[in-house]
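Here is a short report on one protein chain. Look over the sequence and the structure before reading on.

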Amino acid sequence: MEVKLEEIAQIEKVQRYITNMRPVFNRRALYSDTTGEYINPVEPEPYDKVVIRFRTARNNVDQVLLVHQDKKHAMKLAESDTMFDYYACELQLGEEKAAYYFEVRSGVMVGYYNARGLVREVNEYYNFVILPGFKTPQWAKGAVMYQIYVDRFYNGDTSNDVLSNEYCYINEPVHRVMDWNRYPAQMDVREFYGGDLQGVLDKMDYLQELGVEVIYFNPLFVSPSNHKYDIQDYDYIDPHIGKIVSDKGDLLPAGQKENRLASRYINRVSNRLNLEASNALFIQVVEEAHRRGMHVILDGVFNHCGSFNKWMDKERIYEKVRGYEKGAYVSADSIYRGYFDFQNQTGWPHNNSYDGWWGHNTLPKLNYEGSKELFDYVMHIAKKWVSPPFNADGWRLDVAADLGHSREFNHYFWKKFRKAVKEANPDAIILAEHYGNTREWLQGDEWDTVMNYDAFMEPVTWFFTGMEKHSDDYREDLAGNVGSFWGAMKHHSASFSMPSWQVAMNQLSNHDHSRFLTRTNRKVGRISTLGPEAAEQGVNKAVFREAVVVQMTWMGAPTIYYGDEAGVCGFTDPDSRRTYPWGREDQELIAFHKDIIRIRRENQELRTGSIICVDSDYNFLAYGRFQGEGKSLILINNNYHSVYKIISVWMLGTAKQGKMKVLICTDENGYSTEGQEYEVSAGKIRIELSPTCAMVLKYIPD
């Protein structure tokens, strides 16, 4: 008699059950992480003893072992509820990183549990990690951040506007844009719209009403470009976005391109009256933010400066200004000569042979290895701006992995930088721009965290839109690909310890990439190929709202790029740097952002709770956030048709009975916070999700 393969498999399953007298692992019940639910204390000091916990289904396993440094520690059953058993053991820490995973046994079955979940083989990359002595600021954990590109936010003081023909930048005169609503030019870097710090002060009510907790500013220091990543003077806020109290001198004569003749510009950026007044205005901005319960992060560009910089002075801005030393470009005897790496050691005056970042001569690379004076001065700058009277709350670090001439020196620099900043302000954050694996910088002695491209922006973008973050490519195989989404999220988030992950900057858009709302139209191109109007055509606000729901319910610090909340579109830089549309805002999107931010702030599990995948399917996500009594479920249907699902909410630690109340629901018709309730029966809910729908539900016990 022929026996089918399926029958053989069933017989073997029954035999295993009889032999072991226990079912196979309930793998969906297994859980642990490094939040406060599963380690205590959550940010331990060196030599602390920590209690580590692991969750299983009730009466489902024989033994749980914690494996640390190749030693197996038996975990004891510490407590149980109607659904789960919780195993615990105490681990003695030293000074070094503690990495561990779990071994789970049931009869003859053995499985391993790490940051990827239950696995057959151990890979140390996915071990859970504790970094003794490493803490990140409490105020930043799960905080809602708001990125402001100052020139494009709001013009609160027209007297400080950059004037047309005030000076030359990259061989052409700068231009004052009079039409606030005009699209950015293809060569936008020398175009100025007039946004300033007074404009930020004027809009503080708006930011507070939106729910912003942290303002992240693109660079504010003296610089000739609108983006200000080519810093001219690290000691002062640029008067063009600050305050001009002395405004004398002339514009460049027609046809003239030598900035040594730009007397009005020279006075504006070198006159101490203007510089000190601008710093005073920044102090006022920080004080006002702090008064409203907000924090302020500055952008630090320490890999390179600008060719206008007073240390280089290639444009000869400072050459004849009293109180300034000769720049390294101007004189071989400059005290700043060692700040830069000159290839031609006899090329003065006007030595153009310096090393530029990626070959750009407008961006001289700083030569820390060649100048202790430069190193010490930048450490002074690191401390200065997070100390009184400025009191900024931290630094975002531009192209941080590029700094220095070797990887070894790079790590040395950031270790010293961290020490300087934390000594000046222990509660300041250090947040780096980085693409690729971050682990080597996130060992507790350099950066606190990063702009979260790999474990947030990219997986979210691919899943919801199939678009590359510059709108340079469309990948149909990645659109809606839930396996790729979870694979990327789990892989890249494993490079964080929990204190780093909880403060990671989670963005949908920023100044270097296309606007997320534009990516929803799935048009591949830039303004040079499609024109700016195409960025607004065929966009899908329902898909955008879905992504915002994920952003506001994921682990980390959700960071809104100014104007995203008001419906701003744009292809990649420079089109993504459009002005905030005051008077033309999408009021429904703003109201939606206010509500989803409020929901995040009211439910602590959405800020710092554990995160778990509950269910997944093509174009469908279901995940939970849970902490203490707070248990929230997030459902995403990115299909263009309805889906019916039975969702196992018991995985969040709910009781078998109760209700799940909708806190917010968004779909193709808009959004609602009316609060429909779904019955929890046997730990599950039955629910139908409309097309392009996102929903946040909260467990309410009977």
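## Confidence

Where does pLDDT stay under 50? This is a predicted model, and pLDDT stays under 50 over residues 14-22. For residues 14-22, the model has 9 contacts beyond four places in sequence. Where pLDDT is low, the predicted coordinates should not be read in detail.

The chain as a whole has a mean pLDDT of 95. Of its residues, 97% reach 70 or more.

## Helix α9

Helix α9 covers residues 482-493, 12 residues in total. From first C-alpha to last, α9 reaches 16 Å. That is close to the 16 Å expected at 1.5 Å a residue. At the start of α9, N481 comes in: a side-chain oxygen of N481 lies within 3.2 Å of the backbone nitrogen of G483.

Which residues of α9 are buried? They are V482, F485, W486, A488, M489 and S493. Seen down the axis of α9, these buried residues fall within an arc of 160 degrees, so they line one face of the helix. An α-helix has 3.6 residues a turn, so residues three or four places apart point the same way.

## Cysteines

How many disulfides does the structure hold? It holds 0. C693 is in no disulfide, and the nearest cysteine sulfur, that of C665, is 3.9 Å away. A disulfide needs the two sulfur atoms within 2.5 Å.

Is C693 buried or exposed? C693 counts as buried, at 1% relative accessibility. C89 is also buried, with a relative accessible area of 11%.

Methods. Residues are numbered from 1 along each chain as its sequence is written. This is a predicted model: local features need pLDDT of at least 70, side-chain atom pairs count only at pLDDT 80 or more; totals for chains, interfaces and linings use all residues. Side-chain values use heavy atoms; hydrogens and water are left out. Helices (H or I, at least four residues) and strands (E, at least two) are DSSP runs, numbered from the N terminus. The expected span of a helix is 1.5 Å times one less than its number of residues. Buried means under 20% relative accessible area, exposed over 50%, partly exposed in between (1.4 Å probe, protein chains only). The arc is that of the directions from the helix axis to the C-beta atoms. A polar contact is a pair of N or O atoms within 3.5 Å; within protein, one must be able to donate a hydrogen and the other to accept it, and residues adjacent in sequence count only if both atoms are side-chain atoms. pLDDT is the predictor's confidence in each residue, from 0 to 100. Contact means heavy atoms within 4.5 Å.
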